[in-house]
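Dear colleague,

Please find below the structure that I am handing over to you. My notes on what was found in it follow directly after.

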Amino acid sequence: MIETKIRKVGNSAVITLTTEMLTMLDAKEGDTLFVVRGDDGSLRVMTHDPSVAEALAAAEIVMDENRDLLQALA
């Protein structure tokens, strides 16, 4: 577990991500991060958009179900 503090900057509250946190996320300054609330009220910080991952998973299911048709169209 890594501890960080909440600071006020202008009208916003911000947290600082240490170099260690950025390394764990495989992120760098300027990258976009996505925060998702879990069922238990927790927050998850991710470097990928979870909605895109869901869409790709759905597309893969459709492609698997229609593999023969897609090969015939190719």
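**What was found**

Thr47 is placed in the loop between S4 and helix H2 (50-65). Please bear in mind from the outset that this is a predicted model.

**Thr47 and its surroundings**

With a relative accessibility of 36%, Thr47 counts as partly exposed. Residues up to four places away in sequence aside, Thr47 touches Leu25, Asp26, Ala27, Thr32, Leu33 and Phe34. How far apart are the C-alpha atoms of Thr47 and Leu25? They are separated by 6.6 Å, although the two residues are 22 residues apart along the chain.

Asp26, one of the residues that Thr47 touches, deserves a remark of its own. Asp26 lies in the loop between H1 and S3. Its relative accessibility is 70%, and Asp26 therefore counts as exposed, the cut-off being over 50%. Most residues other than glycine have a negative phi. Asp26, however, is not a glycine and has a positive phi of about 55°.

**The chain as a whole**

The chain contains three helices and four strands. Along the sequence, these elements follow the pattern β-β-α-β-β-α-α. The radius of gyration is 19 Å, well over the 11 Å that the globule rule gives for 74 residues, so the chain is more spread out than a compact globule. The C-alpha trace spans about 60 × 25 × 25 Å along its principal axes.

Two further values describe the chain. Buried residues make up 4% of its 74 residues. Of the contacts in the chain with a separation of 6 or more, 0% are accounted for by residues 24 or more positions apart.

**The hairpin of S1 and S2**

Strand S1 (residues 6-9) and strand S2 (residues 12-15) run antiparallel and are joined by four bridges. Within this pair, Arg7 stands opposite Val14 in S2. The hairpin has two residues between its strands, and Gly10 takes a positive phi near 65° there.

Which residues of S4 are the bridge partners of Val35 and Val36? Val35 has Val45 as its bridge partner, while the partner of Val36 is Arg44.

Arg44 lies in strand S4. Its contacts, leaving aside neighbours within four places in sequence, are with Phe34, Val35 and Val36. Arg44 and Phe34 are ten residues apart in sequence, and the distance between them is 8.0 Å from C-alpha to C-alpha.

Five residues lie between S3 and S4 in this hairpin, and Gly41 in the turn has a positive phi of about 90°. Ser42 is also found in the loop between S3 and S4. With a relative accessible area of 31%, Ser42 is partly exposed. When its neighbours within four places in sequence are left aside, Ser42 is in contact with Val36 and Arg37.

**The largest pocket**

How much space lies in the largest pocket? The value is about 240 Å³. The residues that line this pocket are Met1, Ile2, Thr4, Ile15, Leu17, Met21, Met24, Leu25 and Val45. By class, the lining has eight nonpolar residues, one polar residue and no charged residues. Helix H1 (residues 19-25) supplies the largest share of the lining, namely three residues.

Val45, which is among the lining residues, is the bridge partner of Val35. Leu25 also belongs to the lining, and Leu25 is one of the residues touched by Thr47.

With kind regards

Methods. Residues numbered from 1 in each chain as written. Predicted model: local features only at pLDDT ≥ 70, side-chain atom pairs only at ≥ 80, totals over all residues. Heavy atoms only, no water. 1 Å grid on protein atoms, 1.4 Å probe; cavity = no way out; pocket = protein on both sides within 12 Å on 5 of 7 lines; lining within 4 Å. Points joined across faces, edges and corners; volume = space filled by probe spheres on them. Nonpolar A, V, L, I, M, F, W, Y, C, P; charged D, E, K, R; others polar. Pairing = 2+ DSSP bridges. Contact = heavy atoms within 4.5 Å. Rg over C-alpha atoms; globule rule 2.2 N^0.38 Å. Buried < 20%, exposed > 50% of the residue type's maximum accessible area, 1.4 Å probe, protein only.
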